Amino acid sequence: MPDLEANPPAVPPAPADLRPVAVWERMFVDEWGREHTQTFLPWSHSRDSWDFYNLAYGLDANTAMYRATGRRAYLDRALLYVNNLVASARVSASLPNSQFKDGYLGWSSSLSQPAGHEVPLYESYCWRYVTRLLRVIRETPELYAADVYRRQYDRLLAFTEKNIFEKWFMRGANDFLYRNRTHMAAHWAFISMDLSRMTTDPGHKARYLEVFDNINQGMPNFPSSLRAQLEPNPDHPTAWFWSEKWGTNVQPGQDVAHANNVLAFVVEAHDAGMEWTDADIRRFVVTLNTVIWPAPKVYAEYVDGTGAGDGWFNDGLMKLGRYDVNLQRRLEQHRVGQNSQYFANGALNVRLLSERAAQ
């Protein structure tokens, strides 16, 4: 194990027969150094925003492992990545092939069509985990009171409010925030939710909550919302079914790969006490446990249970394990996607299950 704090905060004992946080952490650490040097650190220095898409997993991993263990080395590594991202941002007007050429800071991508454009998806996919990291600092009194973290928090929050949310909202909310697929809009619901809980500006807060409510309850440019998309699964009425296309319920519905993005948001919104209820979560648990993953090594491609999927749950679906001991026990035996994000969220699931059992 690397040189981490000698005496991290105590972790409650895991529920009986569950793999404890310490075991998940050892598995995480086996990947931590290699992934840092080979992928996440180089991506954090990239000025091509496509690399930020995949860096998102490293941010989520380190934030989740900090939340599971209280070891600040993980928090510091996530902050390193974000500080590198912000340092690489350039004024839009200076980006040779930007389609905007305005005064906001940002990045372009060689993979856009045409090449060199600024891409809202790549930024939002990553930045939902930047705002989640910042919320950890804001909601942890000893971090928020420490100058070293408070200075970073204030600077990164100011950058995010102006050069992520305001930038894309002002460039065109209907085009760039209220996206044409459930999973892409969910990223902005996630970011808006987090910002609404941190901003000190009442006007900004009202706008963040407006975007959050619109995506959850009534999109301004499509005849639906995340809430309106959901209906009982045709074959498993205690599970959810939804399509990724607004205003339709045609099967097979959302692909499981992108369902992860929806669940990454829903889980955090539920835990923040915003919009998504315990009853909703129970239906999502059944969706994963029964429809998407009906048997060991058997995975659906779509949320109606059809198709042959690959079983990659790291970025959202596996986070449902924090609510259900039996699902978490299944995830211990899951062999798809065993990387730092998987191990960190396994650890966080156990930590949250342990805290709930201790109450």
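In these legends, Asp, Glu, Lys and Arg count as charged, Ala, Val, Leu, Ile, Met, Phe, Trp, Tyr, Cys and Pro as nonpolar, and the others, Gly among them, as polar. All views show a predicted model.

**Figure 1. The largest pocket, with a lining divided into 6 nonpolar, 3 polar and 11 charged residues.** The volume of this pocket is about 430 Å³. Its lining comprises 20 residues, and those nearest the centre of the pocket are Arg67, Arg132, Glu139, Thr140 and Leu352. At least two lining residues come from each of H2, H4, helix H10 (256-271) and H13.

**Figure 2. The largest cavity, of about 60 Å³.** The structure contains 3 cavities of 30 Å³ or more. The lining of the largest cavity is formed by Asp60, Thr63, Ala64, Arg67, Tyr129, Arg132, Glu268, Lys319, Arg322, Asn345 and Leu348. Helix H2 (50-69), helix H4 (120-138) and H13 each provide at least two of the lining residues, and H2 contributes the most, with 4 residues.

Figure 3. Leu226, Leu230, Trp242, Val262, Val266, Trp276 and Phe284 form the lining. The volume of this cavity is about 40 Å³.

**Figure 4. Leu320 in the largest nonpolar core.** This core has 107 residues, and Phe265 and Leu320 are those with the most contacts inside it. Leaving aside residues up to four places away in sequence, Leu320 touches Leu263, Val267, Ile281, Phe284, Val285, Leu288 and Leu327. Phe284 also takes part in the lining of the second largest cavity. In soluble globular proteins, nonpolar side chains tend to be buried together.

**Figure 5. Gly307 in the loop between helix H11 (278-292) and helix H12 (325-332).** Gly307 counts as partly exposed because its relative accessibility is 46%, and the partly exposed class lies between under 20% for buried and over 50% for exposed. Apart from residues up to four places away in sequence, Gly307 touches Tyr299, Ala300 and Glu301. A separation of 9.7 Å lies between the C-alpha atoms of Gly307 and Ile292, which are 15 residues apart along the chain.

**Figure 6. Two cis peptide bonds, from Gln113 to Pro114 and from Gln251 to Pro252.** Omega is near 0° for the bond from Gln113 to Pro114 and near 15° for the bond from Gln251 to Pro252. Pro114 is located in the loop between strand E2 (105-106) and H4, whereas Pro252 is located in the loop between strand E4 (240-241) and H10.

**Figure 7. Positive phi values at Asp17 and Glu275.** Most residues other than glycine have a negative phi, and most peptide bonds are trans. Phi is near 70° for Asp17, a residue in the segment before helix H1 (21-45). With a relative accessibility of 67%, Asp17 counts as exposed. For Glu275, phi is near 75°; this residue lies in the loop between H10 and H11. Glu275 is partly exposed, at a relative accessible area of 22%.

**Figure 8. Confidence along the protein chain.** The mean pLDDT of the chain is 97, and 98% of the residues score at least 70. Confidence is highest in helix H7 (residues 182-196), at 99, and lowest in helix H13 (residues 340-358), at a mean of 96.

Definitions and conventions:
Residues numbered from 1 in each chain as written. Predicted model: local features only at pLDDT ≥ 70, side-chain atom pairs only at ≥ 80, totals over all residues. Heavy atoms only, no water. pLDDT = per-residue confidence, 0-100. 1 Å grid on protein atoms, 1.4 Å probe; cavity = no way out; pocket = protein on both sides within 12 Å on 5 of 7 lines; lining within 4 Å. Points joined across faces, edges and corners; volume = space filled by probe spheres on them. Core = buried A, V, L, I, M, F, W, Y, C linked by side-chain atoms within 4.5 Å. Buried < 20%, exposed > 50% of the residue type's maximum accessible area, 1.4 Å probe, protein only. Contact = heavy atoms within 4.5 Å.
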